[in-house]
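Walk through this structure with me, from the overall build of one chain to single residues and contacts in both. Keep the coordinates open as you read.

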Amino acid sequence: MRLLRFAAGRLAGMILVLLIVSILTYAVFYLLPADPAQLSCGKPCTPQRLADARAFMGYDAPWWRQYLDFLGGIFAGRSFGSGSAVVRCAAPCFGYSFRLDAPVSTLIASHIGVTFSLAAGAAVLWLVLGVSAGTVSAVRRGSLLDRTVMTASIAGVSAPAYLVGLLGILLFGFTLDMVPVGGYVPLAENPVQWAWHLILPWCVLAFLSAALYARLTRGQMLEILGEDYIRTARAKGLGERRVIGRHALRNVLVPVVTVFGMDLGGLLGGAVITERVFSMQGLGALLMDAVGNVDLPLLVGVTLFAAFLIVLANFAVDLLYGVLDPRISL
Amino acid sequence: MRRRSVTAVLAVTAALALTACNANATPTGSASSGTARKGGTLTILTSSSSVNLDPAKSQNLAITTLGLIFRRLTTWDIKPGQEGKVVGDLAQDAGTPSDGGKTWTYKLKPNLKYADGTPITAEDVKYGVERSFAPELSGGLGYHKTLLVGGADYKGPYQGKTLDSIEVPDAQTIVFKLSKPFGDWPWIVSMPAFTPVPKAKDDVAKYGQNPVASGPYQVESYQQGTALKLKRNTNWDAATDPVRTGGPDNITFQLGQESTVVAQRLIADSGDDRDAFGASFVPPAQLAQIQANASAKQRLVTSDPGALAYLAINTTRPGLTDVKVRQAINYAVDKKAFLVAAGGTLGGDYASTLITPGIAGRAQYDLYPTPDPSGDVAKAKTLLADAGHATGLKLSFAVENDPQSLAKAQAIQQGLARAGIEVTLKPLDSDSWFDFVTNDKGDYDLTLTSWQPDYPSANANIQPLFASSEIGGGGFNLSRYSNADVDAQIEQARAEIDATAAQKQWQQIDQRILTDAPIVPLIYTRNSFLHGSGVTDFFVAAFPAYPNYLQVSLR
């Protein structure tokens with residue numbers, strides 16, 4: 001019952017956040033100097049043609065009216081144009097991209113596989129790598145291993161994704177010819193090729209993110225190792241592996257999971273730069289495409305979806321707290 | 001208007017984005033050819049993540065993607081070292097004018113077929129043009145929309161109305177009635193909207209993904225962001241086609257490719273990439289890398305000098321209304337420094353005319369000759385003194401805030417400073433810059449841009465940049481140059497249907513405008529492209545400075 005109440009409260013909060021994000025996206029978009037109707041008007045663009053294009057796409061109404069039409073479309077669907085050329089976007093319609101001739105939800109669905117594949121593998125890698133490296137560093141504090149891990153993690157935290165990606169491609173793709181230099185093969189089509197094409201982007205993302213987790217885990221672990229209950233556990237005669245793995249790590253994971261939730265949510269919304277370097281068309285590439293072409297429906301749709309994923313990931317993290325630390329009640 | 005300009009500006013910005021270390025390199029030639037064979041799969045690597053194949057929505061050049069799938073009434077015959085020519089494509093010739101150039105008649109070649117084997121008819125061409133008027137399908141090249149009688153009010157065929165100024169007396173003949181004589185009409189009917197579209201197959205939301213092919217290739221599959229795959233159209237008859245060679249059996253466009261990685265793949269030249277070429281300009285860092293790599297250098301193709309990069313002088317601003325000041329600016333500019341900032345000889349060649357190389361009727365002249373390309377500062381100072389600015393002049397300079405544009409603007413700034421003209425740069429992001437220089441206010445003295453016309457005609461070179469109808473409101477007359485005589489001459493030349501006579505008139509207009517010095521022609525830009533070792537018949541002419549996809553084959 002308590003969990004249900006918690007879930008309902010969070011759901012309401014999520015919807016509110018998404019509403020605010022969508023309003024802000026609309027508002028910001030209309031402050032831009034670029035006019036989407038003019039971009040779609042063709043050339044030469046006479047005032048009459050511009051007005052016709054604007055009316056067809058629904059950009060002739062004030063922004064709040066367009067926003068309400070957008071919200072209405074989610075429940076009732078929308079149609080654009082008239083006569084035999086009417087373009088339909090069935091409910092739930094999260095917008096229609098005139099440039100790509102497709103409903104935004106269809107476009108998101110066709111790009112999500114890439115992003116999920118990229119994010120899932122990278123997240124597993126960086127979590128495992130980061131937490132184990134951080135733990136080992138903390139346990140062997142001051143050792144050569146500790147110093148090496150911490151130096152490497154500084155490089156990881158501070159390196160630009162674009163540079164690491166390109167260097168990775170140059171080294172492992174071109175020079176050593178070990179992995180493909182880009183592209184994506186769907187999991188359903190060929191699982192081996194799927195993993196083969198993703199291994200380098202996974203490693204690049206993991207290198208960039210694991211560093212943060214290693215540092216976070218190390219700091220947290222050092223603090224916890226000084227706690228009374230750890231001393232008690234050791235005094236009871238528990239083995240070091242059990243002390244670290246069972247008692248310390250569990251508490252270390254609470255802040256790690258918090259950061260992980262946000263990172264994963266962000267990554268699911270699109271790893272813009274990594275996708276670009278590896279010529280992968282995920283949500284990040286779709287978002288960049290929308291920004292570059294002033295494609296408002298696509299921009300709002302992808303932004304909202306990315307926000308939804310972040311909110312959802314945070315919700316999952318909140319649920320996980322209870323599992324990791326029974327003292328935290330929901 | 002806007003998209004063209006933004007595209008043109010982006011294209012040339014990228015073209016000029018060459019590093020200074022290439023300043024002394026020489027172009028490696030404009031063509032790469034060898035023994036071609038029929039068959040194989042050609043791969044085209046492009047940074048675009050989507051391709052809209054609906055001819056009504058397209059602004060594609062006649063020699064690129066859509067040209068592989070569709071034929072139009074006329075098309076472009078583009079070869080390096082030769083001026084672009086318009087030739088019959090579906091039509092037997094470039095058109096027969098009557099009624100003083102207000103009526104144009106085209107006869108289709110016999111036995112032309114779509115990929116599904118059905119005959120291509122004049123009625124389909126008419127329907128294709130009509131649907132380009134629909135607001136649902138806006139976005140394409142639409143010069144015909146204001147020229148055809150009744151075009152201004154026509155909203156497409158989807159409400160059951162037809163456009164009566166397009167007549168189809170029989171299945172092989174199509175007649176266009178224009179509201180005024182227009183000598184460039186043969187170029188207009190080479191645009192994507194003049195592709196035949198069978199009415200029965202039309203579906204506004206879907207046609208762009210699965211159109212009916214009339215060219216050598218048809219769509220096999222299309223996945224937005226990933227690939228467009230084309231396969232041979234067996235009903236295309238090479239004997240009827242003057243410009244397409246249809247070499248490869250299949251063509252795959254790999255979409256959304258990062259241009260640096262594309263260049264690296266083509267430099268490496270291994271596996272399937274041997275049969276590939278990059279559709280984007282080679283990035284600056286890779287251009288330098290290619291110079292040091294003999295194999296890649298052989299496969300780098302640099303265009304002849306083409307699109308005009310120029311400094312627009314706002315003729316409506318205080319001080320700049322005086323022609324002597326504008327002429328002084330022409331003398332003071334350091335074109336040599338500008339060319340270095342633009343990447344040296346791989347970036348372009350010095351310019352002095354409005355009509356660009358590769359366009360029929362161009363005459364070479366230089367109204368503001370200087371001892372060497374770095375300018376004539378003494379002459380500039382004398383002219384400024386004559387105009388009452390002996391103590392100097394202060395000007396504002398709107399420029400896009402990307403590093404390449406800024407470097408070029410600084411080269412101009414320093415050149416003008418030598419003559420006592422103090423220039424303040426006003427950097428703006430690309431969209432803001434466009435709005436700033438094309439709005440009705442025109443609150444700037446100088447700006448830097450470039451222009452590649454939509455079709456290879458002097459008209460497309462001059463009218464959009466200097467007709468007074470193109471000032472503000474999104475128009476690209478950035479000098480805000482308004483001269484009633486020139487406007488009248490432009491209208492007269494546009495109406496001239498005799499190509500030779502028209503070219504002579506355009507030459508006069510070119511010089512007449514530059515006498516008023518509303519711009520400083522800086523350079524004719526070059527673009528560089530890279531291809532794999534299996535690719536042949538790959539060339540880039542002066543106009544358009546893009547590879548001619550229609551003739552590329554594999555060895």
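Of the 330 residues in chain A, 47% are buried. Buried means under 20% relative accessible area, exposed means over 50%, and partly exposed lies in between (1.4 Å probe, protein chains only). The areas themselves come from the Shrake-Rupley method with a 1.4 Å probe, and for residues only the protein chains shown count as cover. This is a predicted model, in which local features need pLDDT of at least 70 and side-chain atom pairs count only at pLDDT 80 or more, while totals for chains, interfaces and linings use all residues. Residues are numbered from 1 along each chain as its sequence is written, chains are lettered from A and ligands numbered from 1 in the order in which they are written, and side-chain values use heavy atoms, with hydrogens and water left out.

Stay with chain A. Its secondary structure comes to 13 helices and four strands. Helices (H or I, at least four residues) and strands (E, at least two) are DSSP runs, numbered from the N terminus. Along the principal axes, the C-alpha atoms of chain A fill a box of roughly 85 × 60 × 40 Å.

Now look at the loops of chain A. Phe98(A) sits in the loop between strand 3 (96-97) and strand 4 (102-103). Phe98(A) is buried, at 10% relative accessibility.

Next, the surface of chain A. Lys236(A), Arg242(A), Arg246(A) and Arg250(A) form a positive surface patch. Such a patch takes residues with over 30% relative accessible area and no salt bridge, and joins like charges within 9 Å. Lys and Arg count as positive and Asp and Glu as negative, while His and the chain ends are not counted. The place of a charge is taken as NZ of Lys, CZ of Arg, CG of Asp or CD of Glu. One member, Arg246(A), lies in helix 10 (residues 240-268) of chain A. Arg246(A) is partly exposed, with a relative accessible area of 48%.

Turn to the salt bridges. A salt bridge is a side-chain nitrogen of Lys or Arg within 4 Å of a carboxyl oxygen of Asp or Glu. Over all chains, the structure holds 29 of them. What does Asp54(B) form a salt bridge with? The partner is Arg131(B), with the closest N and O atoms 2.8 Å apart. Asp54(B) lies in the loop between strand 2 (41-45) and helix 2 (65-69) of chain B and Arg131(B) in helix 3 (residues 122-131), so the pair ties together parts that are 77 residues apart in sequence. Asp54(B) and Arg131(B) are both buried.

Asp443(B) forms a salt bridge with Arg317(B), the closest N and O atoms being 3.1 Å apart. Asp443(B) is in the loop between helix 13 (430-438) and strand 18 (446-451) of chain B, and Arg317(B) is in the loop between strand 14 (308-313) and helix 9 (323-332), so this pair ties together parts 126 residues apart in sequence. Asp443(B) is partly exposed, at 45% relative accessibility.

Another salt bridge joins the side chains of Arg418(B) and Asp334(B), at 4.0 Å from N to O. Arg418(B) lies in the loop between helix 12 (403-417) and strand 17 (421-428) of chain B and Asp334(B) in the loop between helix 9 and helix 10 (335-341), so the pair ties together parts that are 84 residues apart in sequence. Arg418(B) is partly exposed at 31%, whereas Asp334(B) is buried at 13%. Elsewhere, a network of salt bridges links Arg71(B), Asp89(B), Asp241(B) and Arg244(B).

Helix 14 (residues 458-466) of chain B is mostly covered, with nine of its nine residues buried. Among them are Ile462(B), Leu465(B) and Phe466(B).

Last, the backbone. Most residues other than glycine have a negative phi, and most peptide bonds are trans. The bond from Lys43(A) to Pro44(A) is cis, with omega near -5°. Phe543(B) and Pro544(B) are also joined by a cis peptide bond, with omega about -20°. Ser279(A) has a positive phi, near 50°. Ser279(A) is buried, with a relative accessible area of 6%. Phi of Ala517(B) is near 50°, and Ala517(B) is buried at 0% relative accessibility.

Definitions and conventions:
Patches are made of residues with over 30% relative accessible area and no salt bridge: like charges are joined within 9 Å, nonpolar side chains (Val, Leu, Ile, Met, Phe, Trp, Tyr) within 5 Å.
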